[in-house]
Amino acid sequence: MDKSKSVPTSRFSRLSKFGLLASKVAGNVLIDSAKSVAKGEKLDKQSLILSPKNIENLAEQLAQLRGAAMKLGQLLSMDSGEVLPPELSKLLARLRSEGHAMPHKQLVGVLKSHWGGNWLDKFSHIELKPFAAASIGQVHKATLENGEKLAVKIQYPGIAKSIESDVDNLASLLKMSGLLPKHIDMAPLISEAKQQLLDESDYLLEARHLQCYQENLNNFDQFKIPRVINDLTTEHILSMEFVEGIDLEACVSLPQTQRDALASDLIYLFFFELLKFNTVQTDPNFGNYLYQPDTGKIVLLDFGATRELAQSVCNGYFALFSGAMSENRNLVASAAEQIGYFNSEIDLEYKHKVVDIFMLACEPLRQDKPYNFAASPLAKQIRDKGLEMSTDKSKWHSPPIDALFIHRKLAGLYLIAAKLNAKVNVQQLYKSFLKQAKLAQK
């Protein structure tokens, strides 16, 4: 099936997409309401809104608008987890994995506008069909005249200019639809979604992050980062060397030692990102990594979601890890406060529950033996604890935004380790990190 559809570029055309979507949803609700009344059934607004027809309409229109829907979906998933209706959670997951490609005419127009009318002269070949897609762009293979292979990430037109209105329109649609629990404070999430999308739409910024990681990991033989092709990179086109590797999904059949080493290297890198470099790539999905079985190298891709952190936040996590390892709940609570979790009005019972979750999340760090992520009920326990807290609306407290992204990274790494059925001695990794980074006395 051809999934190419022109991306709406003007604010008016994008706003009309949201209007069309809202009217379709409302129309379907009215029709289904009438059917329910005729059958003598009790009306359930949320069930009517989340009907298969409406989910399909939501998915179709939001996939065409791409960026705002996907970024807000990521933040909602991080913040509220299982509190979202299952249908909406599935929709957001679908939006993250799907999206229409630009038709060739629109794609060529974007390339001309950035590289000039003679843009083809630079290449011996460029594939017009993308081999990968992200929330705000798609990636194409290309070959220069000298034979060098490139991966070229091309941003969907109009995304950068429409970010604020798109996010506001989508948030309004979700609020009016009743798809979100009323106790969720959307304001900080909306603001962060806008800023994250603005940052991710600046490919020159991503190129700088990519080059920063190359410098930080210069002495780490286990990682490979694509080289940026500066003269073919603009604010909305990022050109990099094309690096071979296999998808992480294909790594599940590798020998146990390789799977363990792969997961260990990613967790080891996280300690350096958070506690040494103060910069974290916060989107650890399977598509952002490749693996080279022959060399054992991990290829790091997509630095759009890279987040620079204040030293105080990183110091807070260093103290939190220390407290969790020594099972010192007071130190963990103090560290959480430094990170920004608690204010003077926080309920003491709620505070204890937050500490409980941190202690759970650090369970692998306390065990001086290989931790079996696939066999562990840790993810479910953390989810259940979070759900228990979120359903107490009178005490609900939105975590600091930095923490949401850091926890998203850690949860993603745990998921990768579980999918790989990896066994990792996280405590020894952390001790090795402290020794190499010389942070033990920090």
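This is a predicted model: local features need pLDDT of at least 70, side-chain atom pairs count only at pLDDT 80 or more; totals for chains, interfaces and linings use all residues.
**View 1. Strand S10 and its partners.** Strand S9 (residues 289-292) runs antiparallel to S10 (residues 297-300) over four bridges. Strands here are DSSP runs of E with at least two residues, helices are runs of H or I with at least four, and both are numbered from the N terminus. Two strands count as paired if DSSP finds at least two bridges between them. S9 and S10 make a hairpin with four residues between them, and Gly296 in that turn has a positive phi of about 80°. S10 also pairs with strand S5 (residues 223-224), in the parallel sense, over two bridges. In that pairing, Lys224 has Val299 as its bridge partner.

**View 2. Helix H9 from its start.** H9 covers residues 203-216, so 14 residues, and spans 20 Å from its first C-alpha to its last, close to the 20 Å expected. That expectation is 1.5 Å times one less than the number of residues. At the start of the helix, a side-chain oxygen of Asp202 comes to within 3.1 Å of the backbone nitrogen of Leu204. Further along, the buried residues of H9 are Tyr203, Leu205, Glu206, Ala207, His209, Leu210 and Tyr213. Buried means under 20% relative accessible area, exposed means over 50%, and partly exposed lies in between (1.4 Å probe, protein chains only).

**View 3. The largest nonpolar core.** This core has 101 residues, and Phe271, Leu274 and Phe321 have the most contacts inside it. Helix H10 (residues 256-277) gives the most to it, with twelve residues. A core is a set of buried Ala, Val, Leu, Ile, Met, Phe, Trp, Tyr and Cys residues joined through side-chain atoms within 4.5 Å. Zoom in on Leu274: leaving aside residues up to four places away in sequence, Leu274 touches Val280, Leu309, Cys314, Tyr317, Phe321 and Ile406. A contact means heavy atoms within 4.5 Å.

**View 4. Pro188 and Pro400.** Pro188 is found in helix H8 (residues 186-200). Pro188 counts as partly exposed because its relative accessibility is 28%. Pro188 and Pro400 are 212 residues apart in sequence, yet 9.0 Å apart in space, C-alpha to C-alpha.

View 5. Most residues other than glycine have a negative phi. Asp302 has a positive one, near 65°, and is found in the loop between S10 and strand S11 (306-308). At 22% relative accessibility, Asp302 is partly exposed. Asn421 also has a positive phi, of about 55°, and its place is the loop between helix H16 (401-419) and strand S13 (423-424). Asn421 counts as partly exposed because its relative accessible area is 34%.

**View 6. The whole chain, for context.** The protein chain has 17 helices and 13 strands, and buried residues make up 52% of its 442 residues. Of the contacts with a separation of 6 or more, 72% come from residues 24 or more positions apart.

Key:
Residues are numbered from 1 along each chain as its sequence is written. Side-chain values use heavy atoms; hydrogens and water are left out. A polar contact is a pair of N or O atoms within 3.5 Å; within protein, one must be able to donate a hydrogen and the other to accept it, and residues adjacent in sequence count only if both atoms are side-chain atoms.
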